[in-house]
Amino acid sequence: MAGPAVPLELPAIADEPLALAWPDDSARVLGPLPTPAELAERFPRGERLRAQVTGHRRAVREIVDGADDRLLVIVGPCSVHDPDAALQYAHELAAAAAAHDRDLLVVLRAYLEKPRTSVGWKGLLHDPHLAGREDLAEGLAIGREFLVRAANSGLPLAYEFVDPFLAPYVLDLVSWGALGARTVASQPHRQLASALPMPVGMKNGVTGDVEVAIAAVRAARAPHTFSALAASGVPSAVVGAGNSACHVVLRGGARPNYDAASVGAALDELRAAGVGAGVVVDASHGNSGKDHRRQPGVVEDVAAQVAAGNRGLLGVMIESFLEEGNQDVAARPLRYGVSVTDGCLDWPTTARCLDVLAEAARRRRNTSVRPRARPVGL
């Protein structure tokens, strides 16, 4: 954790913060945000969570490196809009994760930012009250508090880094990161991934292009120097040493790419590029045709490949919440436990998917060379 917050001095003209940076009518400055250090002091992770996150990151990395034969299962809401409902979901998931700990490493999707193709709700950090107006200062506080409470469930947390500027507010609580299909080609995002202290999954492009994800893996594994916000709030030069635990996530595109032939082709491309990591399959998005009800079929197909001994399959992503489907973010009243973005599986269906994946991992273990033992307590 960083030390005490250092106040960020902002230039002012006629009492307008940042007026030197935004001198005309092109933007309206709302004022300074709290620094990452200030929010970390308000919502601290503490020593216990620090050790927990470190252990979870090591466990995910060992799966990516092939040293742990469990399946990585990243599961949870498409995006968190109701912290109370998401925490109830985390409670259910934590119990299932403990039951499957020998075969699965279950990671909670704790996504607080939502990338948009055009316009729409941009996630809890931007619009915490779902009111169609930006309130980043309050959103960052609500989001940080949620992540601390979610981590206290004992689960590792997954996060999609949409705005690199906001990463310092959340990254100390994250055990698996993602670059999405809309940002995977972005140089600032690849540079950020090079410095992130956790494994990062690079999704293929929205059209299904896997090469852009492989290029992102190669880029993020190299060192980079880039500009970023320090915990104190001071703009700083950051050196990312390169992240060797970056890997590809197959999320489909114009057509699905979770089948054995597509998985095999992606693994061949990775080997040819000299970054022979495995792949994670996203059961949603292009692989489900954006129909959440198709996700169990994707899971079953991937499970069959795993059970047949495919060790290039590192894991699966599933969009899931307390209740099935989704709802319009503008609906009132909102239904409790129902996604306001992509449609999700309900909890009972999710639990059955976890059972299927755990059985597949056990069968693969019996057909493969056992990896070195994972550290006790992970």
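Modeller: What follows is a set of questions and answers on this predicted model.

Biologist: How are helix 3 and helix 4 oriented to each other, roughly parallel or roughly perpendicular?

Modeller: The axes of helix 3, residues 83–99, and helix 4, residues 136–151, come within 10 Å and cross at roughly 15°. Angles under 35 degrees count as roughly parallel. Helix 3 and helix 4 are therefore roughly parallel.

Biologist: Into which classes do the residues of the contact of helix 3 with helix 4 divide?

Modeller: The crossing of helix 3 and helix 4 is right-handed. On the side of helix 3 the contact is made by Pro83, Asp84, Ala86 and Leu87, and on the side of helix 4 by Ile142, Phe146, Arg149 and Ala150. The residues of this contact divide into two charged, no polar and six nonpolar.

Biologist: Is helix 6 largely enclosed or largely open, and which elements do its buried residues pack against?

Modeller: Helix 6 covers residues 211–220, and seven of these ten residues are buried, so the helix is largely enclosed by the rest of the structure. The buried residues are Val212, Ala213, Ile214, Ala216, Val217, Ala219 and Ala220. They pack against helix 5, strand 7, strand 8, strand 10 and helix 7.

Biologist: At what angle do helix 5 and helix 6 pack, and which word describes helix 5 relative to helix 6?

Modeller: The axes of helix 5 and helix 6 are 8 Å apart, and the two helices pack at an angle of about 50°. That angle makes helix 5, relative to helix 6, oblique.

Biologist: Which kind of pair do the rings of Tyr89 and Trp347 form?

Modeller: The count of aromatic pairs comes to three. For Tyr89 and Trp347 the ring centres are 5.6 Å apart and the planes stand at 85°, so the pair is edge-to-face.

Biologist: How many residues apart in sequence are the parts that this pair ties together, and which cluster includes Tyr89 and Trp347?

Modeller: Tyr89 lies in helix 3 and Trp347 in helix 9, so the pair ties together parts that are 258 residues apart in sequence. Tyr89 is buried, and Trp347 is buried as well. The aromatic cluster that includes them is formed by Tyr89, Phe321 and Trp347.

Biologist: Where does Ala110 lie, is it buried or exposed, and which residues does it touch?

Modeller: Ala110 is placed in the loop between strand 4 and helix 4. With a relative accessibility of 0%, Ala110 counts as buried. Leaving aside residues up to four places away in sequence, Ala110 touches Val80, Phe146, Leu147, Leu157, Ala158 and Tyr159.

Terms used:
Residues are numbered from 1 along each chain as its sequence is written. This is a predicted model: local features need pLDDT of at least 70, side-chain atom pairs count only at pLDDT 80 or more; totals for chains, interfaces and linings use all residues. Side-chain values use heavy atoms; hydrogens and water are left out. Axes are lines fitted to C-alpha atoms, for helices over the stretch in contact, and angles run from 0 to 180 degrees between N-to-C directions. Helices (H or I, at least four residues) and strands (E, at least two) are DSSP runs, numbered from the N terminus. Angles under 35 degrees count as roughly parallel, over 145 as roughly antiparallel, 65 to 115 as roughly perpendicular and the rest as oblique. A crossing is left-handed if the near helix is turned anticlockwise from the far one by less than a right angle, and right-handed if clockwise. Contact means heavy atoms within 4.5 Å. Ala, Val, Leu, Ile, Met, Phe, Trp, Tyr, Cys and Pro count as nonpolar, Asp, Glu, Lys and Arg as charged, and the others, Gly among them, as polar. Rings of Phe, Tyr and Trp (its six-membered ring) pair if their centres lie within 6.5 Å; planes under 30 degrees apart count as stacked, over 60 as edge-to-face and the rest as tilted. Buried means under 20% relative accessible area, exposed over 50%, partly exposed in between (1.4 Å probe, protein chains only).
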